[in-house]
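Student: I have a structure open and want to go through it with you. Can we take it in questions and answers?

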Amino acid sequence: MKKVGFLGVGEYLPEKILTNQQLEKMVDTSDEWITTRTGIKERHLAASGEAASDLAFKAAQKALANANFKPADLELIIVATITGDMPTPSTAAILQNMLGAPKAACFDLSAACAGFVYGISVAQQFIASGTYKNALVVGAEVLSSITDWQDRNTCVLFGDGAGAVVLAEVKHGGIISTYLGCDGSKVDILNVPGGGSRNPATHTTVDAHQHFLKMSGNELFKIAVNTMTMAAQTVLKQAGLTFADVDLIIPHQANSRIIMAVAKKLGIPEEKVYLNIERCGNMSSASTVTALVEAVAEGKVKRGDIILLDAFGAGLVWGACIIKW
Ligand code: UT7
């Protein structure tokens with residue numbers, strides 16, 4: 001099998017920032033509650049009319065420039081998202097046209113907060129098998145479009161953003177191991193109940209706020225900690241490595257308490273954990289990839305380092321990945 005690695009990375013976070021202090025004026029919450037329970041201080045929000053493809057386009061342009069790669073040469077575009085521009089066509093198709101990448105096969109991937117890890121795993125298979133020479137994988141979300149701004153249980157948690165990577169065959173390093181999983185028996189604890197074929201959009205679904213994210217946060221918390229711990233252990237075992245080999249863990253950014261509980265269970269010291277949740281909140285499929293992009297930009301990921309990506313979200317799904325940078 002061919003080795004598949006990262007040629008370039010890029011991110012885009014919308015200009016508008018919503019702080020905890022501003023949220024205090026919108027719902028019955030406090031900066032103190034949000035900070036201590038989640039680690040979030042502020043989040044970026046897309047401007048009115050700014051869609052997932054707009055964020056994806058800006059992140060993709062940066063990743064392509066970083067890789068010194070022409071869009072016309074792209075053979076595959078995968079956009080991991082739960083907030084695509086429209087139900088059909090795919091946001092990947094819209095992005096293909098924006099970028100000018102007519103050769104690329106395109107599809108969206110729905111694996112919620114594990115979407116980016118699922119995306120690079122799928123792209124890896126296509127490249128390793130020789131079907132395509134390269135792929136652009138994007139995690140892009142406008143979660144503000146499915147956030148109930150009257151529900152304090154959820155509206156303090158989410159943000160908007162996008163991250164992108166260009167993947168191709170590499171001689172050294174690359175993706176060493178991936179582990180994906182799903183437990184479809186717990187759909188009810190995190191979902192958007194309205195707008196799909198089960199419950200199509202009507203005046204009633206709109207009035208009942210059914211087009212917004214619903215979450216049993218407390219129930220999810222323990223499952224998130226246990227599942228992310230298990231996924232990290234499994235992918236490392238598959239790779240034939242131990243936690244002592246890991247230079248940096250880049251987890252999905254749902255809650256800093258979840259992340260630190262996972263690190264503690266794994267015996268990974270805090271300084272080896274990358275966080276951007278304080279500035280970005282939870283951006284679902286955009287969280288892990290933007291954290292990776294920022295860690296690279298800050299020099300926290302160096303050539304030869306072993307990186308562990310570890311994500312968990314609605315499905316319930318999980319995905320972990322070991323990368324040699
Ligand atoms: O990304 C996909 C995966 N997502 C996750 O894994 C999220 C997992 N869950 C969590 O991160 C946490 O459960 C939350 C941050 C969502 C909630 O934190 P918690 O410590 O589990 O709080 P809780 O839901 O048990 O609520 C504790 C209290 C409740 O009040 P009472 O019933 O004790 O009086 C809530 O009503 O906090 C209240 N509360 C708030 N208070 C102020 C809930 N939201 C807020 C708020 N501000 N925004």
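Predicted model: local features only at pLDDT ≥ 70, side-chain atom pairs only at ≥ 80, totals over all residues.

Student: Which residues come nearest to the ligand?

Tutor: There are 25 residues around the ligand.

Student: How far is the side chain of N255 from an oxygen atom of the ligand?

Tutor: Take the other polar pairs as a background. H252 has a polar side-chain atom 3.0 Å from a ligand oxygen. For N282, an N or O atom of the side chain is 2.8 Å from an oxygen atom of the ligand. For N255, the corresponding side-chain N or O atom lies at 2.7 Å.

Student: How far apart in space are T19 and R279, C-alpha to C-alpha?

Tutor: T19 sits in strand 2, residues 16–19. Leaving out residues up to four places away in sequence, T19 touches K41, E42 and R43. R279 is 260 residues from T19 in sequence. In space, their C-alpha atoms are apart by 9.1 Å.

Student: What is omega for the peptide bond from T88 to P89?

Tutor: P89 belongs to the loop between strand 4 (76–80) and helix 4 (91–99). The bond from T88 to P89 is cis. Its omega is near 5°.

Student: Where is L316, and what is omega for the bond from G315?

Tutor: L316 is in the loop between strand 12 (306–313) and strand 13 (317–324). The peptide bond from G315 to L316 is cis. Omega there is near -5°.

Student: What is phi of A112?

Tutor: A112 is placed in the loop between strand 5 (105–109) and helix 5 (115–128). Its phi is positive, in a residue other than glycine. The value is near 45°.

Student: How is helix 5 oriented to helix 11?

Tutor: Helix 5 and helix 11 (residues 285–297) have axes 6 Å apart. The packing angle is about 75°. That angle makes the two helices roughly perpendicular.

Student: Which residues of helix 11 make the contact with helix 5?

Tutor: Helix 5 contributes G115, F116 and V117. The contact of the two helices divides into four nonpolar, three polar and no charged residues. On the side of helix 11, the residues are S285, T288, V289 and L292.

Student: Are helix 8 and helix 9 oblique or roughly perpendicular?

Tutor: The axes of helix 8 (residues 217–239) and helix 9 (residues 256–266) come within 9 Å. They cross at roughly 45°. The crossing is right-handed. The two helices are therefore oblique.

Student: Which residues of helix 9 meet helix 8?

Tutor: From helix 8 come F221, A224, V225, N226, M228, T229, A232 and Q233. By class, this contact of helix 8 with helix 9 has nine nonpolar, three polar and two charged residues.

Student: Is the crossing of helix 3 and helix 4 left-handed or right-handed?

Tutor: Helix 3 (residues 52–67) packs on helix 4 with axes 10 Å apart. The angle is about 55°, so the helices are oblique to each other. The crossing is right-handed.

Student: Which residues of helix 4 meet helix 3?

Tutor: Helix 3 brings A52, S53, D54, A56, F57, A60, Q61 and L64. The contact of helix 3 with helix 4 divides into nine nonpolar, three polar and one charged. The residues from helix 4 are T91, I94, L95, M98 and L99.

Key:
Residues numbered from 1 in each chain as written. Heavy atoms only, no water. Axes fitted to C-alpha atoms, helices over the stretch in contact; angles between N-to-C directions. Helix = DSSP H or I, 4+ residues; strand = E, 2+ residues; numbered from the N terminus. Parallel < 35°, antiparallel > 145°, perpendicular 65-115°, else oblique. Left-handed = near helix turned anticlockwise from the far one by under 90°. Contact = heavy atoms within 4.5 Å. Nonpolar A, V, L, I, M, F, W, Y, C, P; charged D, E, K, R; others polar. Near = heavy atom within 4 Å. Polar contact = N/O pair within 3.5 Å; in protein donor to acceptor, adjacent residues only side chain to side chain.
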